[in-house]
Amino acid sequence: MSDNTHEHGVHLEILHQILSAATHEASAAMCRWTNGLITMSLDEVREIPLEAVSTEYDFGLDMLTMVVLTLNGEIGGSMILCFDEENGRDLAASLLCSKQRQTGDWTPLERSALCETGNILGCAYLNALTRLMSVDLVPSPPYFLQDYGASVLEQALMEQAALEDKVMICRTRFTRGDQELNWNVFFVPNSQMRQMMEDALHIDA
Amino acid sequence: MTTAEQLNVGLGQIQLARNDEILASILGSCIGVVIYDPQRKIAAFAHVVLPLSGGRPGSPGRFADTAIPAMLQELRNQGANPQQLRAKITGGACMFGNNQMNIGDRNAEEVRRQLKEKKVPLISEDVGGTKGRKVFFSPYTSQMEIVINGVNSTII
């Protein structure tokens with residue numbers, strides 16, 4: 001293993017540790033929000049060539065339901081909570097104490113339930129990162145989107161792609177009891193955010 | 001338009017197709033540009049991510065200023081008639097409801113500039129907005145089908 005490859009591996013491993021801690025905090029918030037039903041864990045922190053994103057993260061050609069929070073400004077990034085239709089509806093029904101999953105257009109109440117979920121997760125995640133980096137990270141209000149997953153991830157990667165040949169993506173998984181759910185959170189920091197995380201742990205570039 | 005062999009074009013990639021093969025892509029703020037020869041029924045599709053390479057290395061499909069020359073070269077290599085080439089473009093949305101980097105507009109602008117410089121007529125375009133697009137192009141019919149919101153289909 002070359003020095004550069006080794007150093008790169010160390011950076012990713014340490015970023016994984018930071019983000020695991022933030023995810024743990026978000027998981028506790030999620031567990032409280034869903035009355036102990038849902039937990040989450042960090043699945044992976046990867047850096048891959050931009051051209052490999054479409055094959056490594058295949059969202060298919062169907063529409064997904066998503067809640068997006070963005071961090072605008074120099075230290076920026078995006079957080080995307082995404083579900084397929086069935087899982088999104090199930091979560092909304094569960095949060096609204098509804099016995100039956102709704103169909104058709106999403107009601108304002110269902111949208112609000114998912115946005116609040118995104119808000120709780122995002123704030124818990126960013127609070128953990130704020131403490132680590134000693135900077136204020138204030139996300140946008142969460143917004144509800146129904147669109148193609150690949151098109152949303154593509155937009156989130158733009159800031160990184162403008163500066164780097166490889167992009168960093170963090171993916172989180174959710175479980176209900178022992179059952180893995182078809183939900184994910186994608187966290188895409190911009191280059192300044194990533195640098196700040198590394199600096200916070202005194203990693204020499 | 002989905003029964004023939006479908007070739008997916010990912011971020012920063014360039015893909016060629018002939019006859020009844022279908023080029024497919026999902027686009028957000030990126031631009032999907034197709035250059036095609038309607039007589040020989042051959043087409044190249046680039047999923048352009050950023051407007052200018054600034055000398056950066058990487059796949060030519062990633063940047064508008066490197067994608068267009070690479071597509072033209074590849075089409076010539078595959079026997080397309082340079083005099084017959086035409087183009088269609090789509091994508092360039094602003095997905096998150098803000099004008100972050102305005103990258104969709106800048107991508108579209110640079111693709112148009114490159115096509116004009118290389119004298120490839122831009123036959124039609126469907127760009128902008130705030131929604132992602134599912135796109136299919138058939139070299140056989142020279143038609144581009146664009147689906148927004150999973151249901152609303154437009155042919156250009």
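**Loops, sheets and the chain interface**

B:Asn19 counts as partly exposed, its relative accessibility being 39%. This value lies between the limits used here, since buried means under 20% relative accessible area and exposed means over 50%. The model described is a predicted one. B:Asn19 sits in the loop between strand S2 (14–18) and S3 of chain B. Its phi is positive, at about 50 degrees, although B:Asn19 is not a glycine. A positive phi also occurs in chain A, where A:Asn35 has a value near 55 degrees and is likewise a residue other than glycine. A:Asn35 belongs to the loop between helix H1 (3–33) and S1 of chain A. With a relative accessible area of 73%, A:Asn35 is exposed.

Two other loop residues of chain A were examined. A:Ser140 lies in the loop between helix H4 (108–133) and strand S4 (143–148) of chain A. A:Ser140 counts as buried because its relative accessibility is 15%. When neighbours within four places in sequence are set aside, the residues in contact with A:Ser140 are A:Leu69 and A:Thr70. The second residue, A:Tyr57, is part of the loop between helix H2 (53–56) and strand S2 (63–71) of chain A. A:Tyr57 has a relative accessibility of 5% and therefore counts as buried. Residues up to four places away in sequence not being counted, A:Tyr57 touches A:Glu44, A:Arg46, A:Ile48, A:Leu153, A:Ile169, A:Arg171 and A:Phe186. With one of these, A:Glu44, the side chain of A:Tyr57 also forms a polar contact of 2.7 Å. From C-alpha to C-alpha, A:Tyr57 and A:Leu42 are 16 Å apart in space, and they are separated by 15 residues in sequence.

The next point is the sheet of chain A. Six strands make up an open sheet with antiparallel pairing, in the order S1-S5-S6-S3-S2-S4. Strand S1 (38–49) and S4 of chain A each have a single partner strand, so they stand at the edges and one side of each is left without a neighbour in the sheet. On average, and with direction ignored, neighbouring strands of this sheet are turned by 25 degrees against each other. S2(A) and S4(A) run antiparallel and are joined by six bridges. Across this pair, A:Leu64 stands opposite A:Asp147 in S4(A). H5(A) packs on the sheet, where it touches S2, strand S3 (77–83), S4, strand S5 (166–176) and strand S6 (179–189) of chain A. The direction of H5(A) makes about 110 degrees with that of S4(A).

Chain B also contains an open sheet. Five strands form it, in the order S1-S3-S8-S9-S10, and their pairing is mixed. Strand S1 (6–8) and strand S10 (152–155) of chain B are the edge strands, each pairing on one side only. From one strand to the next, the twist averages 20 degrees. S1(B) pairs with strand S3 (residues 22–27) of chain B in the parallel sense, and three bridges connect them. For B:Gln6, the bridge partner in S3(B) is B:Ile22.

The contact between the two chains was described last. Chain A brings 30 residues to the contact, and chain B brings 35 residues. About 2,700 Å² of area is buried between chain A and chain B, and carbon and sulfur atoms give 55% of this area. The rule finds 16 residue pairs in polar contact across the interface of chain A and chain B, both residues of a pair being at pLDDT 80 or more. It also finds three salt bridges across this interface. The side chains of B:Arg56 and A:Asp165 meet in a salt bridge with an N to O distance of 3.1 Å. On the side of chain A that touches chain B, at least two residues each come from H2, S2, S4 and helix H5 (149–163) of chain A. H5(A) gives the most to this side, with twelve residues.

Methods:
Residues are numbered from 1 along each chain as its sequence is written. Chains are lettered from A and ligands numbered from 1 in the order in which they are written. This is a predicted model: local features need pLDDT of at least 70, side-chain atom pairs count only at pLDDT 80 or more; totals for chains, interfaces and linings use all residues. Side-chain values use heavy atoms; hydrogens and water are left out. Helices (H or I, at least four residues) and strands (E, at least two) are DSSP runs, numbered from the N terminus. Buried means under 20% relative accessible area, exposed over 50%, partly exposed in between (1.4 Å probe, protein chains only). Contact means heavy atoms within 4.5 Å. A polar contact is a pair of N or O atoms within 3.5 Å; within protein, one must be able to donate a hydrogen and the other to accept it, and residues adjacent in sequence count only if both atoms are side-chain atoms. Two strands pair if DSSP finds at least two bridges between them. Axes are lines fitted to C-alpha atoms, for helices over the stretch in contact, and angles run from 0 to 180 degrees between N-to-C directions. Buried area is the accessible area (1.4 Å probe) that two parts lose on being put together, summed over both. A salt bridge is a side-chain nitrogen of Lys or Arg within 4 Å of a carboxyl oxygen of Asp or Glu.
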